[in-house]
There are 2 protein chains.
Amino acid sequence: MGVKLGILGLGTVGTGTVQLLQDSAGRHPLLQEIEIYRVGVRSLDKPRVVELSTEVLTTDLESIVNDPAVDIVVEVMGGLEPARSLILKALSNGKHVVTANKAAIARFGAEIFTTANQAGVYVMLEAAVGGGIPVIQPLKQSLSVNRIHTITGIVNGTTNYILTRMQTEGSNFSDVLADAQRLGYAEADPTADVDGLDAADKIAILASLGFGGRINLQDVYTEGIRQVSKTDIAYAEKLGFVIKLLAIAKRDTPSSPLSVRVHPTLVPQAHPLASINGVYNAILVEGEPIGQVMFFGPGAGAGATASAVTSDILNLVAVLKINTAVANPLLACGHQEYCQIAPMAELITRFYARFLTNDQPGVIGKLGTCFGNYGVSLESIVQTGFQGELAEIVVVTHDVREGNFRQALAEIRNLSAIESIPSLLRVL
Amino acid sequence: MGVKLGILGLGTVGTGTVQLLQDSAGRHPLLQEIEIYRVGVRSLDKPRVVELSTEVLTTDLESIVNDPAVDIVVEVMGGLEPARSLILKALSNGKHVVTANKAAIARFGAEIFTTANQAGVYVMLEAAVGGGIPVIQPLKQSLSVNRIHTITGIVNGTTNYILTRMQTEGSNFSDVLADAQRLGYAEADPTADVDGLDAADKIAILASLGFGGRINLQDVYTEGIRQVSKTDIAYAEKLGFVIKLLAIAKRDTPSSPLSVRVHPTLVPQAHPLASINGVYNAILVEGEPIGQVMFFGPGAGAGATASAVTSDILNLVAVLKINTAVANPLLACGHQEYCQIAPMAELITRFYARFLTNDQPGVIGKLGTCFGNYGVSLESIVQTGFQGELAEIVVVTHDVREGNFRQALAEIRNLSAIESIPSLLRVL
C-alpha cells in the first residue's frame, strides 16, 4: 500500500526519525510500508546528514498538511506556532498526527483532541514525555484498568543531570549549569528546563492520561531548581535523602481533587526514583491493584525520541491497515472535563527547612512551639553547624497540610532569633 | 453491547481479575461493558471471596470454550493440560484468548499462535511475564521499531527474594528457601523457581517477541540458584557485584544467532538491575536507536497479575468494538520461523570462579598459565583467605569465549595444586 508521511521539521528528532525509517531492516516489517513523502524545512540549502530527494523537501509546510496524498503528519518542529495551526489543519484535513511537542499539547490539548475526534483521526504523542520510554501508551491502555493514585516522574533530563552533578561533585548550581551549557546538556536559555516549565508540561500530559481529564496548565504548581544549594544537597544526604526535581500528580481518593506539581523534592535514598541519575528519566505509576510500576530510560536524544515517534507512526500504520470507520477507544482521547485541581495550601506533605538563627538559648524550643501551634509535628530537628555568627538548624516535618506549615513559618519569621530561612523543600 | 467473558480458573489470579472487574468505578470506562458470563472451577462448593451467581459458575470447562455466546476466554487455571487443549478449542471456536500461562505459551506457542492466526483471533499474554509490568505490549509495539540486541530480566520473584535475603542477611540458600516457603514466597515444590525453569519460560517468550522468531524451549540454557553460596555473594560484594538470577536474550548482530539463557550472574553494583530487590521484577531492553529502557514492578501477586490480565481483556474489548475482519498486525503473531540459537560454548562473557588450592608457592602462576594457554585474560585474581588447610583463590576474567574458558578449566582441574572448583558463575 505505502503509507505517506509528511514530516514537519528536520532538526534533531526529525533527522533521527528519517534515519530510522531509511534503515528499516531488522525492525518491525510494517515500517517497510512507509514512504517519507514530504519533509518541511526552513531552508532547502542547509547541509543535512540524511539524504532526501529534492521533491521530498519543501519550505511550504502548509502544503504538506493540505496535501491529500499525505496520510500521517509528523510534527517534530517544536514551538507553539506555527506548530499548533499546522497540527489543527492536518487533523481537519483528516490526517492522523504524531507529535513530540509537549508544549503545544500541554497548552492546546483541548482544541487539538476535539478537532481530532471530530475528524475521526488520532493524535499520538509518545515522544512528548520521557523521550524513548514507552509510557504514554501504557498509561492510555494497560495501566488504565487500575485506579491510578500517583504518578511521580523525573521527566526533565537537564535538571536531573545538573542535580546529579551537584550531588556527586558537591558543586554549585550556577557552576554546573554553565558546564552543562558548554557540554550541550543545557540550552543557552535554560529557563524551560531549570524553572520546571518543561516538567510541568509533561506532568500535565501524564496526569491527563492517568486521571482521565483535561489539565489546565496554569493549575500546575511549578518550582524549579535554581534555589537548590549544595548545602541542602549535603544535608539531605546526611538525613538519608537525595534531591530530585519531581513532577507529581496525585489523587488520594477517586473523588478528591488532583494535586499536580513540579518542585525539587527530598527523595528517600531507598526510593526507586532516588537512583535515577544523569540525563535519564523515570516515571513511577502507582495504582490499585497493580501497586508500583516504573518506566526508566533515556529522556531525550535523537535516537530515543525517534524511537518513540516511529512507534506512534507504526501504530497509525496498523490503524490505516485495519481501515475501519469506528474509532478505537484506546487511541482516541475521551476526556471532555477538566480535572479539579487542589490548591497547594491543601497539599499534605513533609517539609525540609533550613533556618539561620542567632545562637540564643532556647531557639529550638521556640521553633518547636511555633510549629506546634499550627499542628506541625517534627520528624527531626538538628542544629547542624554555624555559618559565621549564625547557627544553622535543619528541620524535617511529618506529613502536614502545606497551609498550616506556611502559617507556622510566617510566625517563625517574626521570631527575633531567626535571621533567615534560606531553604524550604518538600519531602517525598 | 456487553462483551461476554468465560474465565477458566478461580485461583489467585482469577479471583483478582473478577474482583477488579466487579469494581470498575474509576477505571477505564470500557470495563463497564464487560460481563463475567461463565467461570469454570474445579469445585462448586469451595468457599469463594468473590460473589458469583450459580449460573455463572460451572465445573464444565469444555462448555465454556464451546459456548457460542462467549467472546473472550480468559485462561488463568495454569498448568499444561487441560489448559492447552482448552485454549486451542477456544481459538478454533473463534474466541480471543487471554492467558497468564507462561508454561503453556513457552511450550505450545507455535500451535497456539498458528491456531489463532487461522481463526483470525488473538492470544494476549501480558500477564505471562513480569506480573503487572506492561512489557509484552511495548515489546510487540513501541519497541519493535528498534533493532533489539539485548533483553535482560529479573523475571522470577521467588529467586530474587531468596538472593536478596541471602545478601542482606548473609544466610545460606537452604535456610532462606525454608523461610520463604514458610512465608508463602516459595512453593512447597520450589523446582520451577529455584532451578530457573520459570525464568526460562519467560525469557523464551520475551526473546520470541523481541527478536521476531519462535524459540525452542529446549534451546534455552538454564541454571538455577541452588549452587549460589553465601561465600560467593560475599566475595561478589567485595568485588563490586551483586548476584542475580538473570534471564538473558542477546544477539550481537541482526544476522548472528541468538543467545538465550538463564543463570545466576554477577551484576555490577551500578547496573540498573543490581538494585532490583525482593519479589520485584525488572526487564531491561536494549536496542538501536533507543538505548536502554527498563520496566520495573511487581512480578507476581493477585492484584498485579489481575491488572495485566484485565489490560489484555481491555485491548480485546476495543478490538471487538472496532469489529473489522482485517487482522491487526500489531496484535497478531507474525512469527513463522524458529530463531537460530547459539551454543553456550560460543557465548562471549566474563566469568567468576572460585578455587580451593593446596597452598603451594606458584599456584597463582599456574592458574594464570593455564588460562593464558586458552586465551583467557584475567581482570582480577585474588587469594582471598583460607578454608582450613586450603587457600581460596577468586578469579574474574575479561570477556572470553565460554568454550575456551571451559577448556582452561579442564586443564586446571588436573593441576595437583587444585583441590576443587566450588563456584563458577558468569559476570555481566
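Predicted model: local features only at pLDDT ≥ 70, side-chain atom pairs only at ≥ 80, totals over all residues.
The contact between the chains draws 51 residues from chain A and 51 residues from chain B. On the side of chain A that touches chain B, at least two residues come from each of α1 (12-21), α5 (136-140), β12 (291-298) and α11 (302-322) of chain A. Of the elements on this side, α11(A) gives the most, with 11 residues. Because 100% of the interface residues of chain A are also interface residues in chain B, the copies meet through the same surface.

The domain assignment divides chain A into domain 1 (3-132 + 302-322), domain 2 (136-297) and domain 3 (346-427). Between the C-alpha centres of domain 1 of chain A and domain 3 of chain A there are 51 Å.

Six strands form an open sheet with parallel pairing, in the order β3-β2-β1-β4-β5-β6 (chain B). The edge positions belong to β3 (57-58) and β6 (123-124) of chain B; each has a single partner strand, so one side of each is left without a neighbour in the sheet. The parallel strands β2 (residues 34-40) and β3 of chain B are joined by two bridges, and B:G40 stands opposite B:T58 in β3(B).

Two helices of chain B lie across strands of that chain. Helix α11 (residues 302-322) of chain B lies across β1, β2, β4, β5 (96-99) and β6, and runs at about 165° to β5(B).

The nonpolar packing can be described next. In soluble globular proteins, nonpolar side chains tend to be buried together. Here, the largest nonpolar core has 285 residues, and the members with the most contacts inside it are A:I203, A:A207, A:I283, B:I203, B:A207 and B:I283. The element that gives the most to this core is α11(B), with 10 residues. Leaving aside neighbours within four places in sequence, A:I283 has contacts that include A:G130, A:I151, A:V155, A:L206 and A:M294.

B:V382 has B:V394 in β15(B) as its bridge partner. The hairpin of β14(B) and β15(B) has two residues between the strands, and B:G388 takes a positive phi near 65° there.

Finally, the backbone holds a cis peptide bond between A:E288 and A:P289, with omega about 10°. A:P289 sits in the loop between β11 (280-288) and β12 of chain A. In chain B, a cis peptide bond joins B:E288 and B:P289, again with omega about 10°, and B:P289 lies in the loop between β11 (280-288) and β12 (291-298) of chain B.

Methods:
Residues numbered from 1 in each chain as written. Chains lettered and ligands numbered in written order. Contact = placed C-beta atoms within 7 Å. Domains from an automatic or database assignment. Pairing = 2+ DSSP bridges. Helix = DSSP H or I, 4+ residues; strand = E, 2+ residues; numbered from the N terminus. Axes fitted to C-alpha atoms, helices over the stretch in contact; angles between N-to-C directions. Core = buried A, V, L, I, M, F, W, Y, C linked by C-beta atoms within 7 Å. Buried ≥ 20, exposed ≤ 12 C-beta atoms within 10 Å, placed from the backbone.
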